[in-house]
Amino acid sequence: MKISALIPCYNEEKNVEASVLSCLNQTKKFNQIIFVNDSSTDRTPEILAKYADQITVVKTPKNTGNKSSAQEYGLQFVTGNIMITTDADTVLDKNFVSEITKSFKNRKVVAVAGSVQSIAYNWLTLCRAYDYTIGQRIHKTAQNYINYIFVMPGAASAFRTLAFKRYVTFDHDTITEDLDFTYKLHDRHLKIIYNPRAISYTQDPADLKNYINQMRRWFGGGWQNLLKHYGVVPSNPIQAFELALSYSEGLIFSVLVFLIPILNPWIGLWLLFYYFLIELIFATWAAIKERRPKIILVPFPYLILIFINAYIYLEQFVIEIILKRKNLIWFKPERIDL
Amino acid sequence: MIIVPFIGLSILIHILIIIFYSTFHMGPSNKRQQNRYLMFNKFFGSIIIIFVFSFVLISATSLIRLSVTDKHSTWGFIENSKILPVLANDLYSATIRVDRAS
């Protein structure tokens, strides 16, 4: 089994070295590591040049403006039969390749979703760490049992290269390409599994402005993909159930978050209190599981974030589904030193 | 990636799935969907979508009804307070004044 890494990067001088080193320090070595320099204007090319004897650096003719175009450019240089896609702001755990290799020993498996963890920085990244814990230890684990992984994370995914080239391809018509890839694989009834031991550590937005922009991309991309692939949603009853539950609950309860306090402030307060208690129980569990005691404090900022998330969810629903104003502008969060 | 900004029904169902599979020591399913069942699956999938959406919608409607009919509701507060009669009286007086002036 020959393993390649495909990592697009644009102006990643703060993080790219940590990313390169994490690829080089794997217990099971990559056969090929490709960094696609998307015409960076900072010190990224110089940093990559230091490791030119150990990695392959390719440069796009001009800045493509989004991650999927840079990935598409780099794909032509991939020689491995397994391709790992990750981001330049992400550090792979030293056993990442070894775990991914184990997952592909099952010949039916076409794609593997790894586990993403948020690098600790401040209260906002703590909230994201909590989200990842719930999303992966509960949602994705259950989805793995019922054979329906909702999304392959952009920061930690692996594909059989041939299947990727044949069935996935790049359309550049949604803003969350990882979700688009996953829908396409499900459409072909190809097997995706989740490996919680293939861990990557990623950098999440550290201030509210970047957080809001990222949520706009994620929720907006979610609606774009649902609109794009709505015809295939009912073709698999489990997929129909998962998507109907996620999107109807998200939409209806986003409305309720604003409507109930207006109709009845007393019940609104009770629901908020109930929400806080439930969050506290899950946060305690997440703090123990992740061995990060501070996660227990997450329910406090979440009393505000619930309204921000609900607002963005509805806003993106209106923009993408009702007004059909497709936003394809790629958003890149401001980086902090890893 | 976050798909739902809440903790609610979805998480409860996923926890139940994990408990079910763990209790009966079942590993992740190794099955792949077969194309020959596509028409049946599409029909069954559509029924599921309608059922799930209706269930969530009915739950939400019940909560809205409770919020409106509860004694602490905003509408109840407006009705029971003296604001409405005062507002109505002011409006009535203003209308009379306008009528007389014209």
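In the predicted model, helix α6 of chain A (residues 161-168) has T161(A), A163(A), F164(A) and V168(A) as its buried residues; buried denotes under 20% relative accessible area, exposed over 50% and partly exposed in between, with a 1.4 Å probe and protein chains only. Helices (H or I, at least four residues) and strands (E, at least two) are DSSP runs numbered from the N terminus. The exposed residues L162(A) and R166(A) are carried by the face turned away from the buried side of α6(A). The packing partners of the buried residues in chain A are α3 (67-75), β4 (82-85), β6 (109-118), β7 (157-160) and α7 (177-187). Just after α6(A), a positive phi of about 55° is found at T169(A).

A nonpolar core is defined as a set of buried Ala, Val, Leu, Ile, Met, Phe, Trp, Tyr and Cys residues joined through side-chain atoms within 4.5 Å. The largest such core comprises 78 residues, and F30(A), F35(A), I100(A), Y130(A) and Y247(A) have the most contacts inside it. Helix α5 of chain A (residues 123-145) gives the most to this core, namely ten residues. Another core, of 23 residues, lies apart from it and includes V78(A), M83(A), A113(A) and I149(A). With neighbours within four places in sequence left aside, Y247(A) is in contact (heavy atoms within 4.5 Å) with F150(A), L179(A), Y183(A), G222(A), W223(A), L226(A) and Y313(A).

A240(A) belongs to helix α9 of chain A (residues 237-263) and counts as buried because its relative accessibility is 0%. Y230(A) is ten residues from A240(A) along the chain, and their C-alpha atoms are separated by 9.9 Å.

Chain B contains four helices and zero strands, in the order α-α-α-α from the N terminus. Of its 102 residues, 24% are buried. The accessible surface of chain B (Shrake-Rupley method, 1.4 Å probe) is about 7,600 Å², with 70% belonging to carbon and sulfur atoms.

Residues are numbered from 1 along each chain as its sequence is written, and chains are lettered from A and ligands numbered from 1 in the order in which they are written. Local features need pLDDT of at least 70 and side-chain atom pairs count only at pLDDT 80 or more, whereas totals for chains, interfaces and linings use all residues; side-chain values use heavy atoms, with hydrogens and water left out.
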